[in-house]
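Let's take a walk through this one together. Have the fold up on your screen, and we'll go from the overall picture to a helix pair and then to the ligand.

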Amino acid sequence: MVTTATDVTAAGPQPPLLRTENLSVCIDSHGERNTVVSDVNLELTAGRTIGIVGESGSGKSMTAAAIMGILPPVATAQGRVFYQGTDLLTLDDKARRAISGPELAYIFQEPMSALHPMLSIGAQMIRPMRIHLGLSKREARERSAELLDQVGIPKSRGLLGAYVHQLSGGMRQRVMIAMAISCQPALLLADEPTTALDAAVQKQILELLLDLRDQLGLGLVLISHDLGLISRYADDVLVMLDGDVMEQGPTADVVANPTHPYTRGLIESAPRIGHVPRRLPTIDRAKFSTRALADKEAR
Ligand SMILES: Nc1ncnc2c1ncn2[C@@H]1O[C@H](COP(=O)(O)OP(=O)(O)OP(=O)(O)O)[C@@H](O)[C@H]1O
């Protein structure tokens, strides 16, 4: 049965683009079940950006994968993921793919692992547009060149015949973004999209993402371990630690008045927001992580 976010639709004409309710992810491994994401409640409307910030292993990618429907086989999602009012977790694989394929797009941290090394950029870009948009080969090729233009790679560069190893890191990420928007998605999830890039290229890529969000009216989920970066580019933020949401709200409010000591620690250790102490403080994560506290008690 397909569940609809009736409470949302009753409140107004349009449900939000994305809303999760108590989204959790469990991993079954070696006969044990571990919860790696607990009760994530977020809401995103078109044209806005929500940031998910947290250290490595805090559950950012698992949250994104649960929304996208691309969890590894060992992982199971629970709760609700409403996309335009439809709970994606209630759909069978085929129905879900029909929505997720064209409408939800994912940009990976490392384009080298997402792009095929033996296929030309053109060949990789054309395929999804032929499948999801029903374009002919010639139409898809023309649109690929336009998309590359849109992400700042001029047509004159003749990149369609190039291979991924021939491109710089920034160009690879631009190609990934062009592929991500090729099927006209409504929701874009960018998982650490600039971690491997130097500061200048990082800024260009993030500004490109925001421009595309505005031009195309997308909702953007931006994932990063860097609260400084999230504070500059996201309207709202969720701070995660060990699968739990420690704090969330409008980014400006969270950064100006953090209510959780863990967030305060992150802010103090992010050199690009607020005061830069001479020695960066060490965040005692064990003090705030429910999982670390439970482990301590069990010992
Ligand atoms: N394929 C997998 N099998 C088993 N456990 C996994 C798998 N992928 C992730 N995990 C575990 O799930 C938890 C959350 O991982 P996740 O990748 O979401 O963290 P993250 O915040 O995105 O970290 P990073 O910034 O390093 O990518 C971690 O404890 C991780 O070890």
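Before we start, one working rule: two residues are in contact if their C-beta atoms, placed from the backbone, lie within 7 Å. Keep in mind, too, that this is a predicted model.

First, the whole chain. The protein is built from 12 helices and 11 strands. Of its 299 residues, 37% count as buried. If you take the contacts with a separation of 6 or more, 65% of them come from residues 24 or more positions apart.

Now zoom in on α5 (residues 121-133) and α6 (residues 137-150), which pack with their axes 9 Å apart and at an angle of about 120 degrees. Angles of 65 to 115 degrees count as roughly perpendicular and those over 145 as roughly antiparallel, so α5 and α6 are oblique to each other. The crossing of α5 past α6 is right-handed. Which residues meet there? From α5 you have G122, M125, I126, M129 and R130, and facing them from α6 are K137, A140, R141, R143 and S144. Sorted by class, that contact has 4 nonpolar, 2 polar and 4 charged residues.

On to the ligand. It has 14 residues around it, and the closest are V36, S56, K60, S61 and M62. Where does the shell come from? Both β1 (18-29) and α2 (60-68) supply at least two residues each, and α2 gives the largest share, with 3 residues.

Key. Residues numbered from 1 in each chain as written. Predicted model: local features only at pLDDT ≥ 70, side-chain atom pairs only at ≥ 80, totals over all residues. Axes fitted to C-alpha atoms, helices over the stretch in contact; angles between N-to-C directions. Helix = DSSP H or I, 4+ residues; strand = E, 2+ residues; numbered from the N terminus. Parallel < 35°, antiparallel > 145°, perpendicular 65-115°, else oblique. Left-handed = near helix turned anticlockwise from the far one by under 90°. Nonpolar A, V, L, I, M, F, W, Y, C, P; charged D, E, K, R; others polar. Near = placed C-beta within 6 Å. Buried ≥ 20, exposed ≤ 12 C-beta atoms within 10 Å, placed from the backbone.
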